[in-house]
Amino acid sequence: MELLHSGKVRDVYADGDDLILVASDRVSVYDVVLPTPIPDKGAVLTRLSLWWFEQLADLVPHHVISATDVPPEFAGRAIRCRRLRMVPVECIARGYLTGLGLTEYEKSGAVSGVPLPAGLVEADRLPEPIFTPTTKAPVGEHDEFITYDDVAAEVGDETAAELRRITLAVYRRGAEIAADRGIVIADTKLELGWAPDGTLVLADEVLTPDSSRFWAADSWQPGRAQFSFDKQFVRDWATSTGWDKRPPAPEVPEDVVAATRARYIEVYERLTGLSW
Ligand code: ATP
Ligand code: MG
């Protein structure tokens, strides 16, 4: 198989007309990949994504062909999917204000051209979920907010409307399911692609902690940084070492690895109601 792409945590291979998306156990903190893997993280995120694709299948078709027909060395943490022509937009939904969305709001009172009420603070819940697309920047550059009209200019009115509709519908469904299980999904990023017949298909990974912000609902409190459901242990530990957040990151001790692994599994079990 040809290795097409190696991201921070995943590798993408071409196998005939299909793609094999392989999730590793790598974890990134403050955008830096840690030298120590988190055992089973790749498998947990792969299974979570597969579960979500099924929950969402009545809203949008997905790209998965098989979770088992993959090379044996990747078994459990890879999916075989249809290779699509990817829409050149990152489709982001936000139900809460944080991260780059908050920064943009503080500058302009809007995100992706969507005006928001004055006086919102870190982690505030938005009056309703909003569609805040960004460019898909090449490696090393940062994605930038674009407006709905920019998307329409790029892909046409009809596709832009579909992207917004699907993105918000997926977010709402995901957030509703997660809320019942004590997890706030603050925001999430989707990637869609066109099938040869022009249908929009949900691709990449969906509603995982790598593509979304998951917060513990019982400790959610606007006005301060939230506890990240999956990465808080490893993040707090990294900060406590005095690391300057520039590569290379320090090796992670065993107990922190174990606690982080347990959190990923907890996210999976809570959301899906299945046991790992
Ligand atoms: P990172 O996520 O580390 O910031 P990245 O997004 O470049 O970097 P990955 O997420 O590992 O790296 O890469 C997955 C790549 O595969 C993305 O470029 C994504 O757009 C692409 N992709 C996902 N699903 C499909 C699909 N069905 N068809 C074609 N490309 C796809
Ligand atoms: Mg990616």
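User: Which distance separates a polar side-chain atom of arginine 10 from an oxygen atom of ligand 1?

Analyst: A polar contact is a pair of N or O atoms within 3.5 Å. In this structure a polar side-chain atom of arginine 10 lies 2.6 Å from an oxygen atom of ligand 1. The model is predicted, with local features needing pLDDT of at least 70 and side-chain atom pairs pLDDT 80 or more, while totals for chains, interfaces and linings use all residues; side-chain values use heavy atoms, without hydrogens and water. Residues are numbered from 1 along each chain as its sequence is written, with chains lettered from A and ligands numbered from 1 in the order in which they are written.

User: How many residues surround ligand 1, and which are the closest?

Analyst: A residue counts as near if one of its heavy atoms lies within 4 Å of the molecule. Ligand 1 has 16 residues around it, and the closest are His5, Lys8, Arg10, Arg82 and Glu191. From histidine 5, a polar side-chain atom is 2.7 Å from a ligand 1 oxygen atom. For glutamate 191, an N or O atom of the side chain is 2.5 Å from an oxygen atom of ligand 1.

User: How do I read the packing of α1 and α6?

Analyst: Two packed helices are described by the angle between their axes and the distance between the axes. Helices here are DSSP runs of H or I, at least four residues, and the axes are lines fitted to C-alpha atoms over the stretch in contact, with angles from 0 to 180 degrees between N-to-C directions. Helix α1 (residues 41–55) and helix α6 (residues 254–272) have axes that come within 9 Å and cross at roughly 15°. That angle makes α1 roughly parallel to α6, a label for angles under 35 degrees; over 145 is roughly antiparallel, 65 to 115 roughly perpendicular, and the rest oblique.

User: Which residues of α1 and α6 meet?

Analyst: Contact means heavy atoms within 4.5 Å. Lys41, Val44, Leu45, Arg47, Leu48, Trp51 and Trp52 in α1 meet Tyr264, Ile265, Val267, Tyr268, Leu271 and Thr272 in α6. The residues of this contact of α1 with α6 are 10 nonpolar, 1 polar and 2 charged. Ala, Val, Leu, Ile, Met, Phe, Trp, Tyr, Cys and Pro count as nonpolar, Asp, Glu, Lys and Arg as charged, and the others, Gly among them, as polar.

User: At what angle do α5 and α6 pack?

Analyst: Helix α5 (residues 232–240) packs with α6 at about 150°, their axes 8 Å apart. The two, α5 and α6, are therefore roughly antiparallel. Phe233, Val234 and Trp237 in α5 meet Val256, Ala259, Thr260 and Arg263 in α6, a contact of 5 nonpolar, 1 polar and 1 charged residues.

User: What is the angle between α3 and α4?

Analyst: Helix α3 (residues 148–155) and helix α4 (residues 157–180) pack at about 130°, with axes 7 Å apart. That makes α3 oblique to α4.

User: Which backbone angles deserve a check?

Analyst: Most residues other than glycine have a negative phi, and most peptide bonds are trans. The peptide bond from proline 247 to proline 248 is cis, with omega near -5°, and proline 248 lies in the loop between α5 and α6. Serine 112 has a positive phi, near 50°.

Terms used: A polar contact is a pair of N or O atoms within 3.5 Å; within protein, one must be able to donate a hydrogen and the other to accept it, and residues adjacent in sequence count only if both atoms are side-chain atoms.
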